[in-house]
Amino acid sequence: MSAQHVEDRGLLRFLTCGSVDDGKSTLIGRLLFDTKAILADTLTAIERTSSKRGMTAVDLSLLTDGLQAEREQGITIDVAYRYFSTGTRKYIIADAPGHEQYTRNMVTAASTANLAIILIDARKGVLTQTRRHSYLTKLVGIPHVVVAVNKMDLVDYDQATYDRIVAEYKAFADQIGLTDVRFIPLSALNGDMIVDRGERLGWYDGPTMIDILEAAPAAHTEQAESFRFPVQYVCRPQASDNPELHDYRGFMGRVESGEIKVGDSVTVLPNGLTTKVKDIQLYGESLPKAIHEQSVTLLLEDEIDISRGDMIVSSEEVPAQTKQAEAIVCWLSETPLSPARTYWLRHTTREVKAKVASITHRLDINTLEKEATTTLAMNDIARLTLKLAQPIFADNYTDSRATGAFILIDESTNNTVGAGMITSLNA
Amino acid sequence: MSTLTKQTLSHLDWLESEAIHIMREVAGQCSNPVLLFSGGKDSICMLRLAEKAFRPGKFPFPLMHIDTGHNYKEVVAFRDKRAAELGERLIVRSVEDSMKRGTVVLKNENESRNKHQSVTLLEAIEEFGFDACIGGARRDEEKARAKERIMSFRDEFGQWDPKNQRPELWNLYNARSHKGENIRAFPISNWTEMDVWQYIEREKLELPSIYFAHTRPVVMRSGAIVPVNVPLMNGELTNLPKAGEEIIDLQVRFRTVGDISCTAPVESDADNVEKIVLETATTTITERGATRLDDQTSEASMEQRKKEGYF
């Protein structure tokens with residue numbers, strides 16, 4: 001069963017979010033267990049721990065406990081990444097804890113995910129935390145949402161209970177503008193509708209969780225996107241023994257959005273010069289084109305001075321160059337935001353100094369109410385305007401995730417203190 | 001959910017592309033990085049990724065190996081051969097030199113030198129002023145690694161504080177550090193053991209012979225297969241059997257390779273990469289569970305060693 005011989009449906013990154021006791025760890029444990037990503041010795045270790053804690057059945061949630069500190073406290077305190085494969089597709093799970101104080105962890109986990117599983121306890125229905133997770137999912141732009149109504153075993157697999165929760169969630173999803181939402185009833189504990197259908201949810205005729213994951217589009221968006229290529233590194237092997245390489249200038253980076261073909265017209269930012277793509281290379285091979293998320297080296301027709309932090313873009317769709325941007329920012333640091341201070345803003349491969357010009361409002365993510373504020377504490381989410389020392393070449397986050405996102409870095413500690421999504425470039 | 005499908009990369013191409021991106025970020029953001037290369041399978045993948053990231057140029061970093069002096073000679077020979085083929089600079093720093101300096105003191109002659117690599121690594125970081133070490137660790141290897149960042153921050157004592165790590169969002173990596181601090185960068189964080197073997201198969205990467213099934217003298221010690229009478233580079237034998245142990249000749253291969261004192265092989269007749277991929281798909285024991293004698297000491301032992309500066 002070498003993977004080359006079966007269809008490769010690529011890789012899907014997804015996020016699981018839920019409240020403290022709605023069985024998120026059990027769901028992940030179940031996915032890993034039923035796809036046989038858990039091996040015998042790991043299972044023996046959790047069997048030991050389960051019996052040490054006085055449990056009679058194996059506690060699959062123990063599979064996802066990571067660090068000693070949290071094992072002792074019995075809670076999850078950070079984002080953990082888990083892996084499994086079905087043979088046709090590889091999965092990366094970002095496991096974010098559900099506690100109120102950990103908005104930053106969820107935003108972190110969501111930033112790389114293309115699908116979110118939102119867990120609801122069938123006994124409790126849509127809770128404040130469900131709303132918060134859904135809103136953050138929308139905010140961070142995860143295109144696909146699966147609402148998993150879990151613990152169906154504790155409501156006797158009752159269809160009416162499920163239907164009621166679905167209706168309530170749908171109303172809320174419409175309100176915040178979540179469009180691609182699917183629903184599924186589950187019992188993670190018993191494994192019903194995860195990989196196997198089980199026998200107790202006969203009234204549900206939709207796909208199982210694993211079928212939904214297998215069928216979900218791996219691309220972040222199905223829309224055509226503009227070509228964006230932030231330059232990471234310039235290859236100039238002049239000193240090489242090979243004289244053919246003396247004039248070699250390769251611009252190394254990853255296609256962050258769109259795609260590029262040999263012969264396409266491109267514009268280089270910030271200087272604005274236009275040229276054509278002469279060659280697309282990867283390890284000595286010439287490629288006819290490069291697609292989204294592909295790391296390559298571009299060679300251009302004309303000799304243009306380009307360095308790290310510059311961006312090569314489609315000449316037909318040039319992004320805005322701006323020294324001011326309006327953004328939604330999630331504050332990640334224990335040290336509050338200070339409008340008096342200067343931060344480093346890292347956007348693609350470019351790093352510029354930034355200051356907060358004004359905070360429009362802070363958002364209460366439970367009620368979605370807007371509040372006036374002059375600072376931000378950890379886990380706060382706010383709309384604000386930034387002034388930049390040099391221009392960045394950016395798109396709105398909703399148009400392009402990679403060129404609409406940035407992080408803020410504390411100049412003195414070098415810590416990553418804020419995560420931002422650009423909402424408007426003409427602020 | 002629409003069933004439209006835009007063209008996307010295969011899972012191996014995606015992982016490769018991500019790793020290349022991370023290596024280029026280290027090269028772009030750090031002034032003096034180094035790539036740790038042991039001759040093991042993960043670091044062999046790392047070299048191919050570095051070639052894909054930087055050729056036709058030279059690597060923007062040297063290679064470095066922290067040698068415990070108790071490494072399999074096949075692996076040490078492979079390490080030197082591969083570095084020479086690539087024409088890249090290889091730095092070797094040895095735990096034995098740290099022992100001579102008195103910075104590493106073994107409890108007894110037979111104590112595993114594996115955990116003492118941390119001391120020698122920190123000494124080398126200081127000697128060369130490295131601000132980033134690129135390593136082949138993966139999150140699926142062990143529980144404590146599941147939350148590890150791709151760019152992991154270490155203080156001036158080389159310590160990893162799991163509670164004081166930088167949030168990592170999108171693919172915006174923050175590799176900034178002050179003098180004396182450093183970043184450990186893990187480009188293949190998101191790879192599993194299976195991905196590594198599939199990549200080795202696809203890229204036709206050469207490996208040290210001990211990764212393939214071979215017959216060697218072993219003893220069974222508390223359930224693990226322990227290789228004995230292993231010849232070192234200088235011809236000396238190490239891992240001598242204890243009194244009363246029965247030596248048997250067994251067909252084995254190594255799934256991970258490290259210090260001789262703490263890596264055990266598994267019984268296997270997989271003598272080529274294709275068979276190993278198949279075996280990896282059907283195994284019931286984790287990579288470290290079967291083979292790393294040092295990780296089993298306590299459930300949290302990897303976390304403890306990482307806090308002390310281990311990779």
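**Entry 1: two helices of chain B**

I began with a pair of helices in chain B and noted that α2(B) passes α6(B) in a left-handed crossing. The model I am reading is a predicted one, and I keep that in mind throughout these entries. I then looked up the geometry of the pair, and found that α2(B) and α6(B) pack at an angle of about 50° with their axes 10 Å apart, which makes α2(B) oblique to α6(B). Going down to residues, I listed B:Lys41, B:Asp42, B:Cys45 and B:Arg48 on α2(B), and B:Val196, B:Tyr199, B:Ile200 and B:Glu203 on α6(B), as the ones that make the contact. When I sorted the residues of this contact by class, I counted four nonpolar, no polar and four charged.

**Entry 2: the domains of chain B**

I next turned to how chain B is divided, and the domain assignment gives domain 1 as 11-194 + 301-307 and domain 2 as 205-291. The centres of domain 1 and domain 2 of chain B, taken over C-alpha atoms, are separated by 24 Å. How many residues of each domain are in contact with the other? I found that 22 residues of domain 1 of chain B are in contact with 21 residues of domain 2 of chain B. On the domain 1 side of this contact, the elements that give two or more residues are α2, α3 (73-86) and α6 of chain B, and α3(B) has the largest share, with five residues. By class, I recorded that this side of domain 1 of chain B has seven nonpolar, seven polar and eight charged residues.

**Entry 3: where chain B meets chain A**

I then asked which elements of chain B supply at least two residues to the side that touches chain A. The contact itself involves 59 residues of chain B and 66 residues of chain A. On the chain B side, α1 (11-29), α2 (41-54), α6 (193-203) and α7 (273-282) each supply at least two residues, and α1(B) gives the most, with nine residues. I divided the residues of the side of chain B that touches chain A by class, which gave 21 nonpolar, 21 polar and 17 charged.

**Entry 4: a sheet in each chain**

In chain B I traced an open sheet of six strands with mixed pairing, in the order β3-β2-β1-β4-β6-β5. Its edges are β3 (90-94) and β5 (151-154) of chain B, each with a single partner strand, so one side of each is left without a neighbour in the sheet. The twist of this sheet averages 30° from one strand to the next.

**Entry 5: a helix pair in chain A**

I looked at helix α4 (residues 103-110) and helix α5 (residues 128-139) of chain A, which pack at an angle of about 40° with their axes 10 Å apart, and α4(A) and α5(A) are therefore oblique to each other. I noted the crossing of α4(A) past α5(A) as right-handed. In the contact, A:Thr103, A:Met106, A:Val107 and A:Ala110 of α4(A) meet A:His133, A:Leu136 and A:Thr137 of α5(A), and the residues divide into four nonpolar, three polar and no charged.

**Entry 6: backbone details**

Most residues other than glycine have a negative phi, and most peptide bonds are trans. With that in mind, I wrote down a cis peptide bond between A:Leu269 and A:Pro270, with omega about 15°, and placed A:Pro270 in the loop between β10 (265-269) and β11 (274-282) of chain A. In chain B, the peptide bond from B:Arg55 to B:Pro56 is cis, with omega near 10°, and B:Pro56 lies in the loop between α2 and β2 (63-67) of chain B. Finally, I noted that A:Tyr283, although not a glycine, has a positive phi of about 55°, and I found A:Tyr283 in the loop between β11 and β12 (285-286) of chain A.

Technical notes: Residues numbered from 1 in each chain as written. Chains lettered and ligands numbered in written order. Predicted model: local features only at pLDDT ≥ 70, side-chain atom pairs only at ≥ 80, totals over all residues. Contact = placed C-beta atoms within 7 Å. Helix = DSSP H or I, 4+ residues; strand = E, 2+ residues; numbered from the N terminus. Nonpolar A, V, L, I, M, F, W, Y, C, P; charged D, E, K, R; others polar. Domains from an automatic or database assignment. Axes fitted to C-alpha atoms, helices over the stretch in contact; angles between N-to-C directions. Parallel < 35°, antiparallel > 145°, perpendicular 65-115°, else oblique. Left-handed = near helix turned anticlockwise from the far one by under 90°. Pairing = 2+ DSSP bridges.
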